[in-house]
Amino acid sequence: MQAVNELIDWMRAFDERMPIDDLVKRLDDDSISENNLADYIHFSDERYARNLLAHGPQFYALVMCWKPGQASPVHDHKGAACGVRVIQGVATETSYRWQGKLLVEDAVTSMEAGEVCGSFDDDIHQICNNGSDNLVTLHVYSPYLDNINLYNIESGEVSVFSDPLVASLSA
């Protein structure tokens, strides 16, 4: 648990958005593992589960648990840096780009346990569990995700999402 506590202490020191490169580097630590996150690993049958690990003035960290077939909506990070570490299983990230007025698939990347990625601001992507085993990921957002865009690829509709977790942390 020491590595997780050190990560949390490091994140709490920021009074503005964390630099994405520094965040990714800190998450790239093999001692951040399933064993020291076990208390935060909880799954849901309805959708991927978002379990709060820690928060501070400029971040929140979530342990996300994905059963096979569960996926995030296609979304951006509008003003926030996001670092992700795969703890267990295989995560599939699909990134998108604008082609005229259409949002099209740009790249698909599979990340195994121990791999780390980062995205920020207007990067548009989706994370999903395409495997047959459960997936656990650690996500750090800096600052909080609020009023991000969700994209419906089929209809072209864009909606705004305000994370209810952010409201509860601010209260």
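This is a predicted model: local features need pLDDT of at least 70, side-chain atom pairs count only at pLDDT 80 or more; totals for chains, interfaces and linings use all residues.
Leu 135 sits in strand E9.

Trp 66 is 69 residues away from Leu 135 in sequence, yet their C-alpha atoms are 4.9 Å apart. Setting aside residues up to four places away in sequence, Leu 135 touches Phe 43, Met 64, Cys 65, Trp 66, Val 86, Gln 88, Gly 89, Val 90, Ala 91, Cys 128 and Asn 129.

Helix H1 covers residues 2-12. Its buried residues are Ala 3, Val 4, Leu 7, Ile 8, Trp 10 and Met 11. Viewed down the helix axis, the buried residues fall within an arc of 160°, so they line one face of H1. An α-helix has 3.6 residues a turn, so residues three or four places apart point the same way.

Gln 2 and Asp 9 are exposed, on the face turned away from the buried side of H1. What do the buried residues of H1 pack against? Their partners are helix H2 (20-27), helix H3 (34-37), strand E1 (49-56), strand E2 (59-66) and strand E9 (135-142).

The largest nonpolar core has 24 residues. Met 11, Met 18, Ile 32, Leu 53, Val 63 and Leu 138 have the most contacts inside it. H1, H2, E1, E2 and E9 each give two or more residues to this core. H1 gives the most, with six. In soluble globular proteins, nonpolar side chains tend to be buried together.

Take Leu 53 from this core. Leaving out neighbours within four places in sequence, Leu 53 is in contact with Val 4, Ile 8, Leu 37, Tyr 40, Ala 61, Leu 62, Val 63 and Leu 138. A second, separate core has 22 residues, among them Tyr 48, Val 84, Leu 145 and Val 166.

## The largest pocket

The largest pocket holds about 230 Å³ of space. Its lining has 19 residues. Which of them lie nearest the centre of the pocket? They are Tyr 48, Arg 50, Ser 72, Pro 73 and His 75. Tyr 48 also belongs to the second core.

Strands E2, E4 (81-88), E8 (124-128), E9 and E10 (148-151) each supply at least two residues of the lining.

Methods. Residues are numbered from 1 along each chain as its sequence is written. Side-chain values use heavy atoms; hydrogens and water are left out. Buried means under 20% relative accessible area, exposed over 50%, partly exposed in between (1.4 Å probe, protein chains only). Helices (H or I, at least four residues) and strands (E, at least two) are DSSP runs, numbered from the N terminus. The arc is that of the directions from the helix axis to the C-beta atoms. Contact means heavy atoms within 4.5 Å. On a 1 Å grid over the protein atoms alone, a cavity is a set of points where a 1.4 Å probe fits but cannot get out, and a pocket is an open set with protein on both sides within 12 Å along at least five of seven lines; lining residues have an atom within 4 Å of a point. Grid points are joined across faces, edges and corners, and a volume is the space filled by probe spheres set on the points. A nonpolar core is a set of buried Ala, Val, Leu, Ile, Met, Phe, Trp, Tyr and Cys residues joined through side-chain atoms within 4.5 Å.
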